[in-house]
Amino acid sequence: MPAGLRLVCSGCGRTHAPDTLAWRCECGSPLDVEKPLPAEPRFEGRGVWRYRPLLPLLDDRCVVTLGEGSTPTVERDLYGVEALLKLEYLNPTGSFKDRGATVMVSNLKAAGAREIAIDSSGNAGCAVAAYASAAGIRCRVYVPAGAPRAKKMQIALYGAELVEVPGPRSEVGKRLLAELKPGVAYASHMWNPYFIEGLKTIAYEVAERFGVPDAAVLPVGSGGLLLGVHRGFAEAARLGLAERVPRIVAVQAAGYTPVYDALYGPYGAEPPAEPLADGIAIPNPPRLKQVVEAVRESGGGAVVVEDREIAEALKLLARAGLLVEPTSAAAVAGLRKAVEQGLVERGEGVLVPLTGSGLKALDKIAGAIGERALGGR
């Protein structure tokens with residue numbers, strides 16, 4: 001067991017063994033990783049595991065990797081800012097979730113998990129299904145019945161058992177927990193602390209190549225991406241690898257605005273029957289308090305985007321050669337709004353991760369934009 005590695009409750013402060021398969025503290029709060037940082041870390045290779053000295057790992061023999069990380073970054077002038085568009089959709093399963101899955105599944109394997117279950121709107125289920133398959137771990141993935149067909153096919157092709165749940169995203173998690181059997185580990189990207197640790201590597205990569213941007217504009221559903229990026233830059237600053245932490249701007253979709261509501265008061269929109277940006281359609285994220293604290297601590301803020309704004313951003317990115325899913329486009333729509341509202345100044349450098357591939361959501365994109373618009377005729 002690595003020296004100094006432990007899990008600590010974010011609510012009551014209780015300490016848990018790092019190899020526990022418990023998915024939350026007895027008090028009901030999420031767990032966080034605590035690990036001493038090396039004084040002078042040395043990085044070798046590429047991808048997520050280039051940063052092995054900064055990542056929590058129970059057993060070096062249990063690393064499960066598909067070559068995730070080291071994603072390209074495209075620099076563009078958008079809305080008067082210098083946008084760093086990090087192409088996270090070029091990860092092995094088509095989304096940034098691979099970064100979290102490699103660290104989480106590696107530790108689940110080391111902890112002796114033989115079967116896991118996860119609830120997801122799609123991308124996390126795809127990632128965990130792929131890495132579980134590579135690890136030889138049985139996997140069951142619960143998704144909304146209305147999830148994009150391509151994502152459901154992807155999950156099934158990786159060999160996971162796919163369970164489609166009627167109703168909104170909130171019903172998916174309830175169904176999983178009601179059916180969770182003894183001996184099956186709940187491998188939730190929203191709850192598992194090792195998943196967030198993998199997402200930190202986005203910040204490491206940006207800091208190492210570009211330095212620290214003035215701001216990071218991030219789509220927020222469960223908040224794992226935001227917490228990972230914030231934590232990654234904070235650790236880089238403590239190690240002297242970065243001079244500061246960028247302002248964090250949380251982008252939420254109308255109808256699903258818990259972070260915005262906590263910062264400014266109720267936005268007031270009703271959840272749509274079929275959310276366009278389904279990846280951030282999370283009404284009650286378990287780490288909401290931590291997300292809000294991270295935004296405030298960074299001096300950032302939050303914006304809300306409507307479906308029409310997301311559709312416009314989709315077309316803008318596609319015309320630039322970047323085919324992303326609606327949740328990714330929500331970040332670019334949020335960048336525009338952040339500039340308009342003064343959360344980001346013109347001329348600043350801004351990190352905008354493009355989190356998921358449009359090839360996984362062509363049916364949803366066609367419904368939002370229309371076949372004629374997609375065809376350019």
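How many nonpolar, polar and charged residues are in the lining of the largest cavity? By class, that lining has nine nonpolar, eleven polar and four charged residues, where Ala, Val, Leu, Ile, Met, Phe, Trp, Tyr, Cys and Pro count as nonpolar, Asp, Glu, Lys and Arg as charged, and the others, Gly among them, as polar.

Welcome to this predicted model, in which local features need pLDDT of at least 70 and side-chain atom pairs count only at pLDDT 80 or more, while totals for chains, interfaces and linings use all residues. Residues are numbered from 1 along each chain as its sequence is written, and side-chain values use heavy atoms, with hydrogens and water left out.

**Cavities**

- Rolling a probe the size of a water molecule over the atoms shows where empty space is left.
- A cavity here is a set of points, on a 1 Å grid over the protein atoms alone, where a 1.4 Å probe fits but cannot get out; lining residues have an atom within 4 Å of a point.
- Grid points are joined across faces, edges and corners, and a volume is the space filled by probe spheres set on the points.
- Three cavities of 30 Å³ or more are counted by this rule.
- The largest cavity holds about 270 Å³ of space.
- Its lining is made up of 24 residues, and Phe96, Lys97, Ser222, Gly279 and Ile280 are the ones nearest the centre.
- Helices α5 (193–199) and α7 (224–238) each supply at least two residues of this lining, and α7 gives the most, with three residues; helices (H or I, at least four residues) and strands (E, at least two) are DSSP runs, numbered from the N terminus.
- The second largest cavity holds about 140 Å³.
- Around the second largest cavity are 20 lining residues, with Thr20, Leu21, Leu108, Asn192 and Tyr194 nearest its centre.
- Two or more residues of that lining come from each of α1 (97–110), β9 (185–186) and α5, and α1 has the largest share, three residues.
- The lining of the second largest cavity divides into 15 nonpolar, three polar and two charged residues.

**Strand β6 and its partners**

- Four of the five residues of β6 (residues 115–119) are buried, meaning under 20% relative accessible area, with exposed being over 50% and partly exposed in between (1.4 Å probe, protein chains only).
- Strand β6 runs parallel to β7 (residues 138–144), joined to it by five bridges; two strands pair if DSSP finds at least two bridges between them.
- Within this pairing, Ile118 stands opposite Val141 in β7.
- From β6 the chain crosses through helix α2 (residues 123–135) to β7 in a right-handed β-α-β crossover; right-handed means that, with the strands pointing away from the viewer, the path from the first strand over the helix to the second runs clockwise.
- Strand β6 is also joined to β9 by two bridges, and the two run parallel; there, Ile116 has Ala185 as its bridge partner.

**A three-stranded sheet**

- An open antiparallel sheet has its three strands in the order β2-β1-β3.
- Strands β2 (15–16) and β3 (31–34) are the edges, each pairing on one side only.

**A look at Ile155**

- Ile155 belongs to helix α3 (residues 149–157).
- Ile155 counts as buried because its relative accessible area is 1%.
- Beyond residues up to four places away in sequence, Ile155 touches (heavy atoms within 4.5 Å) Gly122, Gly125, Cys126, Ala129, Val141, Val143, Ala160 and Leu162.
- The C-alpha atoms of Ile155 and Ala124 are separated by 9.7 Å, with the two residues 31 apart along the chain.

Key. On a 1 Å grid over the protein atoms alone, a cavity is a set of points where a 1.4 Å probe fits but cannot get out, and a pocket is an open set with protein on both sides within 12 Å along at least five of seven lines; lining residues have an atom within 4 Å of a point.
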